[in-house]
Amino acid sequence: MQTARQHVLFGSMTVIFWALWIYLWLPILALIGWGVGVRITYYQMVLMNGFSALLHLLGYYLAIIAVMGGSLLVWAYYNYFRFRGMGRRSAVSIVLRPALSRRYQITPEVLDGWQDARRLTMQHDAAGKLMGVNLRQRSVPETGA
Amino acid sequence: MSQQFIRDCTNVLLQFTFYYPLFMAYVWMTGAINYYFRFERASVSARLPPGEPFVPPVTVIIPMRNEAAHARETIAQTLAMDYPDFEVIAVNDGSSDATAEILDALALRHERLRVVHLAANQGKAIALEMGALAAKYEFLVCIDGDAILDPCAVRWMMRHFAFPRVAAVTGNPRIRTRSTLLGKIQVGEFSAIVGLIKRAQRTYGRVFTVSGVAAAFRRSALHDVGYWNPDMLAEDIDVTWRMQIRHWDIRYEPHASVWILMPETFAGLWKQRLRWAMGGFQVVLKHARDIGRWKTRRMWGIFVEFLFSITWAYSILLVTLLWLLGLIVPLPAYIRVASPVPGWAGVVIGSTCLLQIAVSLLLDRHYDYRLGRIYFWMIWYPLAFWILSALTTVVAVPKILNRKRHERAVWVSPDRGIHRP
C-alpha cells in the first residue's frame, strides 16, 4: 500500500539505522581489525591489558543473566515438581440457570428465551445496567430483510 | 543535597535506564525458550492438537462497533472454522454505520449466527457480557470485529479447558496489516513482545493479560469474577488479573492464531498504545491492595515487573532530557549525561535487542509467514517503539491518576490500517 517513493524512503532510512546500529559495534570491529595484525592485537589487548575492561563487563553481565534467568527456571521447575499431578483447588461447577437468573434478576424461563432467540435488542441505563430486552425467537420466521 | 549524592543518583538512573531492558530481554528469552521446549516443540507442526480431542460446544462472541467494513469477512471466516459444534453471537454495540443491517442480513442466511443489538454504545465490556448472557454454552471464544481465526484455532484453545481450573486461554494475534513500515514493525513487535513475553510469563506461572482480540473463557470463571468491568479501559487486563487473584489458571496457546488489523498511522498507533498504557496502569492501581496479600504472592512477579517498566519509562525520558539539555546549555558534571549509550554496553544492548527479535521470530515462524523478511525492518524497533512505549507510559500515568472513578470506558473507533480503496 506504500507508494514507490515511500518504499524507497523508508528502505533508505532503515539502511541508515542499520548503519548506526553497526556503529555501536565499532569496538568489536576494531578488535577484529586488529586481529588481522596479530602483533597489534597482542600489544593492545594483552600487554596493554585492553581485554580486561571488556571481560570484566561481560563477566558481570553473564552473572546477572544467569542469576535472573536461572531464578525463573528454578521457580518454574519448583512449581512443576511440587504440584505435578495435584489438583490443589476444586473445580467450579458450571454456571447454572438459577445463578445467571439471579444475577440479572430474571426468571430462568426468560433466560432460556434470551439464549434461544436469534435476534435480541438490549437497552441499558446510563450506568450500564440492563433495563430491557426485545427478542425474536427461533420459532418466529423472519419476514422481509 | 551534595554533588556526590546527585552524581550517584545520576549514575543509578543511567544504569537502570540501560540495564533494565537489557537484562529483562534475557529473562524473556530464557522463559520463552523453556516454554517452547516444554510445551510447544512436540506439536509445533501439527495441524490438530495431540491426544484425545476436547471439543465441547462453544459460543463465539464478536463485539462490533462500526465494523461495516469487516463484519462480513469476520463472520464468514468464523462460521467456516473447523469445529464440530458452535454458535456465533455478533454483538452490535450501538453502531452508527451499517453494521446492524449487515449482521441482521447475515443472520437470515446463517443458522449458527445470532445477533445482539445494544440500543446505545455501552463499551466492549458490556458488549461482551451481553454476548455471554445470551450464550447457550459454557465455553466462550471472544474475538474482535476484525479478527480472522485460524480454522483450527478454537480446537487448540479448547484442549486447555480439559483442566478444570483453567479460566481462560489467550490466542496468538498475528498482524494482517503489513503493507507499511509501521505495519511491518508491528509484525515483529508482536512476536518479540507479545509472543515472547507470553511464553515467558507462562513459564513463570502468571500472565499480565489475555489478548483482547482473541481469548477463550470458561463462563463459570467469568461468573466467579463478575464478568468484564465497564469502568476499565483495558477490560482484558482487568479480567485476567481478577481471575488470577481468584487462583484461576490462564494459558497461552501459540497455535491459536488470529489475524488482526493494527494501526498503520502514527496517530492511530499513538491512540491505541496510550489506551493500552492507561489500561495497564489503571488495572495495576486498582488491584495493588489485593496483590499485597500473601495469598496472591504469585502475582508479585508480574506486579513488580510492571512497576519497573513504568519507572523505566520515566527514567529514559529523564536521561534523554538531560542529554539533550547538555547539548544546548553547559550542565554541571554531576548531572551531565555525556552519551545515552555508554561504551561497550552499546554493543551488548544492540546485539541483545536484535537477538531477542531473532529468537522471537524463530519461535513464531510456524504460525506466521515470511517472518525472515520482517527482520530487516526491526532495526526501527528500539528507536520507534521503545520511545513510543516510554512516552505513552509517561502520559498515561497522570491521565489515570486524574481520571474520575467509575468513569465508563466506551468504545472508540480504532485505526484498522490502510486498505486498498
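A helix and its surroundings

Guide: Helix H1 of chain A is hardly covered, for the count of buried residues among its 20 residues is zero. A residue is called buried if 20 or more other C-beta atoms, placed from the backbone, lie within 10 Å of its own C-beta; with 12 or fewer it is exposed, and in between it is partly exposed. Helices (H or I, at least four residues) and strands (E, at least two) are DSSP runs, numbered from the N terminus. This is a predicted model, in which local features need pLDDT of at least 70 and side-chain atom pairs count only at pLDDT 80 or more, while totals for chains, interfaces and linings use all residues. Residues are numbered from 1 along each chain as its sequence is written, and chains are lettered from A and ligands numbered from 1 in the order in which they are written.

The end C-alpha atoms of H1(A) are 29 Å apart, which agrees with the 28 Å that its 20 residues should span at 1.5 Å a residue. The expected span is 1.5 Å times one less than the number of residues.

The chain around this helix may be described next. Chain A has six helices and two strands, and along the sequence their pattern is α-α-α-α-α-α-β-β. Of the 145 residues of chain A, 4% count as buried. Two residues are in contact if their C-beta atoms, placed from the backbone, lie within 7 Å. Among the contacts in chain A with a separation of 6 or more, 3% are between residues 24 or more positions apart. In the loop between H5 and H6 of chain A lies A:Gln105. Phi of A:Gln105 is near 55 degrees, a positive value in a residue other than glycine. A:Gln105 counts as exposed because 9 other C-beta atoms lie within 10 Å.

Chain A also touches chain B. The contact takes 44 residues from chain A and 54 residues from chain B. On the side of chain A, at least two residues each come from helices H1 (4–23), H2 (26–36), H4 (50–83), H5 (97–104) and H6 (108–116), and from strand E1 (119–124). H4(A) gives the most to this side, with 13 residues. By class, the side of chain A that touches chain B has 30 nonpolar, 10 polar and four charged residues. Here Ala, Val, Leu, Ile, Met, Phe, Trp, Tyr, Cys and Pro count as nonpolar, Asp, Glu, Lys and Arg as charged, and the others, Gly among them, as polar.

Strands also join the two chains. E1(A) pairs in the parallel sense with strand E3 (residues 113–118) of chain B over four bridges; two strands pair if DSSP finds at least two bridges between them. The bridge partner of A:Met122 in E3(B) is B:Leu118.

H6(B) has 24 residues and reaches 33 Å from its first C-alpha to its last, close to the 34 Å expected. H6(B) is mostly covered, with 22 of its 24 residues buried. A kink of about 30 degrees is centred on B:Glu189; the bend at a residue is the angle between axes fitted to the seven residues ending there and the seven starting there. Just after H6(B), B:Gly205 takes a positive phi of about 115 degrees.

Strand E7 (residues 214–218) of chain B is largely enclosed by the rest of the structure, because five of its five residues are buried. In a regular strand the side chains alternate between the two faces of the sheet. In E7(B), B:Ala214, B:Ala216 and B:Arg218 are buried on one side, and B:Ala215 and B:Phe217 are buried on the other. E7(B) pairs with strand E4 (residues 139–143) of chain B in the antiparallel sense over five bridges, and B:Val141 stands opposite B:Ala216. Three bridges join E7(B) to E6(B), and these two strands run antiparallel. B:Ala216 is the bridge partner of B:Val169.

Not counting residues up to four places away in sequence, B:Arg251 touches B:His160, B:Val166 and B:Val169. B:Arg251 counts as buried because 21 other C-beta atoms lie within 10 Å.
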